[in-house]
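Q: I have just opened a structure that is new to me. Could we go through it together?

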Amino acid sequence: MAEPVRIALVAGEASGDLLGSRLIEALRRRLPEAEFCGVGGPRMVAAGFDSWFPQEKLAVRGFVEVVRHLRELLAIRGEIFRRVRALRAQLFVGIDSPEFNLGLERKLKRAGLRTAHLVSPQVWAWRRGRIRRMKSYVSHLLVLFPFEEPLYRKSGVDVTYVGHPLADEIPTYADREGVREQLRLPAHVPVVAILPGSRQSELEMMSGPFIETAKLLHARLPAARFVVPLVTRETRELFETELYRRDARELPMALLFGHARDALAACDVALATSGTVTLEGALTGRAMVIAYRVAPVSYLIAKRLIRVPHVGLPNILCGEAVVPEFMQHDATPENLAQAVGNMLADAPFRWAIEERFLRLHAELRRDSAERAADALLPLVRDATG
């Protein structure tokens, strides 16, 4: 009797959980008896995935933060390697989290397993030498953005551009009025979506500046309303604690459990921590202001290494500064409030941003999970003979 097809995946962040769940569903349509295991989040588990460790264990960002958790991360990586080999998995797929997954992929490939990686590391931003080394890590690379494929192909890496799943999921036009009605927001007042991040470390850095920004905006625009989607109970508690500390509980602010896309659809302008949520905002067609802070040492290291003019995904993908970015010391409440206020006051400017983001949406919509599954299926078949 033939052994079942076993596919191991590791997704270390909430955005990877979405990618992994869609990939599992697409692979299962081709391989109905396949078993999926590794590390993932609730979406992957709902798709029939056996997660060996809580996904939050891997959701660490920033150089200093990684060092602090290094021993635990190395122990988890070693255990995953042992389990994947013991299972004789036909394929291992690392989803984003390159600092964790690439070393694991290289070790598994050297042990004779087929390996793939979904989401290119940001080689176009820093450490471009990883382009040439990618062949030693993976049997096949799946990239989400069109400009990434030629970078790898020139270095002999087997690569497929699959598009971005968010572009497949998010409607081309968001129903602002309808979503406002669902959220019980007035139809004709300024609405600002505040998105302080999905990790606790991001909330610790960004909650304070964003709450102070909301206070400044409310003083200038008393009719303004704020919506804040928070992904977990822990992040909500962190944000509520910061509201209390800053005497801001009287702000006209609705805290949501999840529903980031509803918050984006309802708003006129978003104030967002740099990350995947900024791409969600762009695909929703919303003007935004992007901000980010990390530990000072992490910032100094990143400043030396990063070699791109933009940090926010929407600006990187558009190849121009479509929306303003404020990093580290520049991410002050005064700067953020001024930028958001300017956008709220300038409807033609917001419409121009929405038009540019509409074109970006069309470029990234490629039915990504199906394309990724088609690219990975030959690796599984080769492994099973």
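Q: What is the mean pLDDT of the chain?
A: This is a predicted model, and the mean pLDDT of its chain is 88. A value of 70 or more is reached by 90% of the residues.

Q: And where is the pLDDT below 50?
A: That applies to residues 62–66. In the model this stretch has 13 contacts beyond near neighbours in sequence. Where pLDDT is low, predicted coordinates should not be read in detail.

Q: Turning to the helices, how do the axes of α13 and α17 cross?
A: Helix α13 covers residues 276–284 and helix α17 covers residues 347–364; their axes cross at roughly 105 degrees and come within 7 Å. The two helices are therefore roughly perpendicular to each other.

Q: Which residues meet there?
A: From α13, the residues are Leu 279, Ala 282 and Leu 283. They meet Phe 357, Leu 360, His 361 and Leu 364 of α17. By class, this contact has six nonpolar residues, one polar residue and no charged ones.

Q: What about α5 and α6, at which angle do they cross?
A: The axes of α5 (residues 98–110) and α6 (residues 130–137) cross at roughly 45 degrees, coming within 8 Å.

Q: Changing topic, how much space lies in the second largest pocket?
A: The second largest pocket holds about 200 Å³. Its lining has 15 residues, of which Thr 172, Tyr 173, Gly 285, Arg 286 and Glu 354 are the closest to the centre.

Q: Which element gives the most to that lining?
A: Helix α17 does, with six residues. The elements that give two or more residues to this lining are α13 and α17. By class, the lining divides into seven nonpolar, four polar and four charged residues.

Q: Where does Pro 171 lie?
A: Pro 171 is in the loop between α8 (165–169) and α9 (176–182). Leaving aside neighbours within four places in sequence, Pro 171 is in contact with Leu 283, His 361 and Arg 365. Leu 283 and His 361 also take part in the meeting of α13 with α17.

Q: How many cavities of 30 Å³ or more does a search of the whole structure find?
A: The search finds one. The largest cavity has a volume of about 60 Å³.

Q: What lines the largest cavity?
A: Its lining consists of Leu 19, Arg 22, Leu 23, Leu 118, Leu 144, Val 162, Pro 165, Ser 368, Ala 369 and Ala 372. Two or more residues come from each of α1 (14–30) and α18 (368–384). Eight lining residues are nonpolar, one is polar and one is charged.

Notes: Residues numbered from 1 in each chain as written. Predicted model: local features only at pLDDT ≥ 70, side-chain atom pairs only at ≥ 80, totals over all residues. Heavy atoms only, no water. 1 Å grid on protein atoms, 1.4 Å probe; cavity = no way out; pocket = protein on both sides within 12 Å on 5 of 7 lines; lining within 4 Å. Points joined across faces, edges and corners; volume = space filled by probe spheres on them. Helix = DSSP H or I, 4+ residues; strand = E, 2+ residues; numbered from the N terminus. Nonpolar A, V, L, I, M, F, W, Y, C, P; charged D, E, K, R; others polar. pLDDT = per-residue confidence, 0-100. Contact = heavy atoms within 4.5 Å. Axes fitted to C-alpha atoms, helices over the stretch in contact; angles between N-to-C directions. Parallel < 35°, antiparallel > 145°, perpendicular 65-115°, else oblique.
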